[in-house]
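Colleague: I'd like to learn how to read a model like this one. Can you take me through the features one at a time?

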Amino acid sequence: MPQNDLRELYIDELKDLYNAESQLVKALPKMAKAANSDELRTGFEEHLEQTKEQVQRLEQIFEMLGESPKGKKCKGMEGLIEEGSEMIDEDFDGSVKDAGLIGAAQRVEHYEIAGYGTVIAFAETLGEKEHVNLLEKTLQEEKETDEKLTELSEQINSQATSEAEDYEEAEQSETEPTLKKQQTTSRSKRRVA
Ligand code: FE
Ligand code: FE
């Protein structure tokens with residue numbers, strides 16, 4: 001493939017990522033708002049700040065290239081965000097909802113990891129070392145976010161299971177509904193702490 005064509009493809013892929021990240025800047029506050037666990041909400045908020053920086057890094061690269069970052073719609077990200085908002089609207093509560101939000105968010109991170117892997121390979125081939133450095137920073141953040149989400153899910157998935165057990169127990173023992181209610185309350189307080 002002639003270098004010029006690869007450069008064109010590289011710019012196209014960067015535009016796609018720029019659009020993907022910009023869509024995320026709008027979507028992440030909604031994910032944060034829907035999260036029940038404080039830790040998950042903070043995680044989304046922190047990644048929002050990182051995502052804004054990632055947008056700026058891409059803008060820096062476009063400036064070096066003398067190109068506009070605009071002009072592409074990332075349909076992949078559009079679909080993933082749509083699935084995320086379906087999860088927000090889903091009838092799940094508490095930790096189960098959080099487990100679903102984590103699943104949606106990890107799909108996004110994996111999609112980004114794939115996208116950045118591609119542009120980094122192109123930038124290396126094209127000898128754009130400064131671009132590689134900037135893109136590697138973002139790739140690292142996406143990977144760390146994915147790992148954090150995995151850690152959070154371990155905790156949240158087991159909470160989701162025990163919440164379901166509480167609910168079943170409460171349904172079975174109609175004699176002590178108040179006690180069950182208290183237990184559920186103290187559990188959710190512990191989760192917040
Ligand atoms: Fe990102
Ligand atoms: Fe990300």
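Modeller: Let's start with a term: a nonpolar core is a set of buried Ala, Val, Leu, Ile, Met, Phe, Trp, Tyr and Cys residues joined through C-beta atoms within 7 Å. A residue is buried if 20 or more other C-beta atoms lie within 10 Å of its own, exposed if 12 or fewer, and partly exposed in between, with C-beta atoms placed from the backbone. One caution: this is a predicted model, where local features need pLDDT of at least 70, side-chain atom pairs count only at pLDDT 80 or more, and totals for chains, interfaces and linings use all residues. As for names, residues are numbered from 1 along each chain as its sequence is written, while chains are lettered from A and ligands numbered from 1 in the order in which they are written.

Colleague: Which residues of the largest nonpolar core touch the most other members?

Modeller: The general idea is that in soluble globular proteins, nonpolar side chains tend to be buried together. Here the largest nonpolar core holds 34 residues, and L14, M31, L101, A105 and V119 are the ones touching the most other members. At least two core residues come from each of α1 (3–34), α2 (38–65), α3 (75–89), α4 (94–125) and α5 (129–172). The biggest giver is α1, with 11 residues.

Colleague: And what is L14 in contact with?

Modeller: Two residues are in contact if their C-beta atoms, placed from the backbone, lie within 7 Å. Leaving aside neighbours within four places in sequence, L14 has contacts with L58, I61, F62 and V119.

Colleague: How do I read a pair of helices, say α4 and α5?

Modeller: Two packed helices are described by the angle between their axes and the distance between the axes. Axes are lines fitted to C-alpha atoms, for helices over the stretch in contact, and angles run from 0 to 180 degrees between N-to-C directions. For α4 and α5, the axes come within 8 Å and cross at roughly 160 degrees. Angles under 35 degrees count as roughly parallel, over 145 as roughly antiparallel, 65 to 115 as roughly perpendicular and the rest as oblique. That's why α4 and α5 are roughly antiparallel to each other.

Colleague: What is the handedness of the crossing where α4 passes α5?

Modeller: A crossing is left-handed if the near helix is turned anticlockwise from the far one by less than a right angle, and right-handed if clockwise. The crossing of α4 past α5 is left-handed. Residues of this contact divide into 16 nonpolar, 11 polar and nine charged. In that count, Ala, Val, Leu, Ile, Met, Phe, Trp, Tyr, Cys and Pro are nonpolar, Asp, Glu, Lys and Arg are charged, and the others, Gly among them, are polar.

Colleague: How do α2 and α5 cross?

Modeller: Their axes come within 10 Å and cross at roughly 165 degrees, so α2 and α5 are roughly antiparallel to each other. The α2 and α5 crossing is left-handed. Among the residues that meet are E39, L40 and G43 in α2, and L152 and I156 in α5. By class, the α2 contact with α5 has six nonpolar, eight polar and six charged residues.

Colleague: Is E39 buried or partly exposed?

Modeller: E39 sits in helix α2 and is partly exposed because 16 other C-beta atoms lie within 10 Å. E39 and L152 are 113 residues apart along the chain, yet their C-alpha atoms are separated by 8.0 Å.

Colleague: And a loop residue: where is K72?

Modeller: K72 lies in the loop between α2 and α3. With 16 C-beta neighbours inside 10 Å, K72 is partly exposed. Leaving aside neighbours within four places in sequence, K72 contacts D12, K15, D16 and N19.

Terms used. Helix = DSSP H or I, 4+ residues; strand = E, 2+ residues; numbered from the N terminus.
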